[in-house]
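Hi,

Here is the structure I promised to pass on.

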Amino acid sequence: MRTLVVDHPLVAHKLTVLRDRETDSPTFRSLADELVTLLAYEATRDVRVEPTEIETPVAPTTGTRLATPRPLVVPILRAGLGMLDGMVRLLPTAEVGFLGMVRNEETLEATTYAERLPEDLSGRQCYVVDPMLATGGTLAAAIRFLVDRGADHITAVCLLAAPEGCARLEEELGDLEIPVTIVTAAMDERLNEKGYIVPGLGDAGDRMYGIAAG
C-alpha cells in the first residue's frame, strides 16, 4: 500500500480553515469540495488512458483520453457525498457508485447497510472518497468489498488520515495483490480514546450537513 500526503500551500490553507471550529457548514462544504479537487489531481496520476486520433484546426494529431472501462468513483455515505463533486469535476466521464457503511461507536467496526454498485468490477479502477481515515475499519471494509467484486486498482482520497488507520489498512489488506493508494491532505498525530483523529477537524459529516442529518 502506498500513502501520499499532498504537500501544497493551497491544500494546507484550505485544510486549516476546515479544522477551525468556527467555520460554518456552508463554508465547510465549499472548502471541502475545493480541497478534494486538489487531492483528485494527485490521486488521478495513475488513471488509465489510451491514445486517440483527433483533428485540430491546423493538423491531425494523437491525443489521450480515459481508457475503458471508465473509472468508478465511490463515495462512502454519508460524509463521502460532500467529496463527490470535487472528484467528478476532474473525472466528468467517470461512473459513480455508492457504498453505505456505518461504524459501531463502541466496537469501531464497520458494517455495510447499502450499496449501489455494478456486480462485476473486473478491470475497473475505483476511487473511494471518505473524509476521514481514522481507525481504518470503514475504509478497509470498503476496499475489500470492491476487490471482492473484481476491482483491480484502488485509490482512496481522504481529507485527513491517522497513523493507526494506515497501519490497520496495511495489516488487513496486506494480502491483496492489487495496487492500493491512499491520498490525503495531512497525516495527523493520533486517535483519541473515542477513535477521533487528533487534532483532526471533528465529525466531517456533522460539519458538512448538521447533526440532525445523522
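When I say two residues meet or are in contact, I mean heavy atoms within 4.5 Å. Also keep in mind that this is a predicted model.

Let me start with a helix pair. Two packed helices are described by the angle between their axes and the distance between the axes. For helix α4 (residues 137-148) and helix α5 (residues 163-172), the angle is about 35° and the axes are 9 Å apart. The crossing of α4 and α5 is right-handed. On the α4 side, the residues involved are Gly-137, Leu-139, Ala-140 and Arg-144, and they meet Arg-168, Leu-169 and Glu-172 of α5. By type, the residues of this contact come out as three nonpolar, one polar and three charged.

Gly-137 also turns up in the UniProt record: the unreviewed entry has a "binding site" annotation that includes Gly-137, Leu-133, Arg-78 and Asp-203 among its positions. I looked at two of these residues.

- Gly-137 sits in helix α4. Its relative accessible area is 6%, so Gly-137 is buried, given that the cut-off for buried is under 20%. Apart from neighbours within four places in sequence, Gly-137 is in contact with Ala-110 and Arg-168.
- Leu-133 belongs to strand β9 (residues 132-133). Leu-133 counts as buried because its relative accessibility is 1%. With neighbours within four places in sequence left aside, its contacts include Leu-139, Cys-158, Leu-169 and Ile-197.

Cys-158 brings us to strand β10 (residues 153-158). Six of the six residues of β10 are buried, so the strand is largely enclosed by the rest of the structure. His-153, Thr-155 and Val-157 point one way from β10, while Ile-154, Ala-156 and Cys-158 point the other way. As for its partners, β10 runs parallel to strand β8 (residues 125-129), with five bridges joining them; there, Val-128 has Ala-156 as its bridge partner. Strand β12 (residues 180-184) is likewise parallel to β10 and joined to it by five bridges, and Thr-155 is partnered with Thr-181.

Before you set anything up, which peptide bonds into a proline are cis, with omega near 0°? Another is the bond from Val-198 to Pro-199, with Pro-199 in the loop between β14 (197-198) and α6 (204-209).

Cheers

Terms used. Residues are numbered from 1 along each chain as its sequence is written. This is a predicted model: local features need pLDDT of at least 70, side-chain atom pairs count only at pLDDT 80 or more; totals for chains, interfaces and linings use all residues. Side-chain values use heavy atoms; hydrogens and water are left out. Axes are lines fitted to C-alpha atoms, for helices over the stretch in contact, and angles run from 0 to 180 degrees between N-to-C directions. Helices (H or I, at least four residues) and strands (E, at least two) are DSSP runs, numbered from the N terminus. A crossing is left-handed if the near helix is turned anticlockwise from the far one by less than a right angle, and right-handed if clockwise. Ala, Val, Leu, Ile, Met, Phe, Trp, Tyr, Cys and Pro count as nonpolar, Asp, Glu, Lys and Arg as charged, and the others, Gly among them, as polar. UniProt positions are given in the numbering used here, feature names are shortened, and annotations may be inferred rather than shown by experiment. Buried means under 20% relative accessible area, exposed over 50%, partly exposed in between (1.4 Å probe, protein chains only). Two strands pair if DSSP finds at least two bridges between them.
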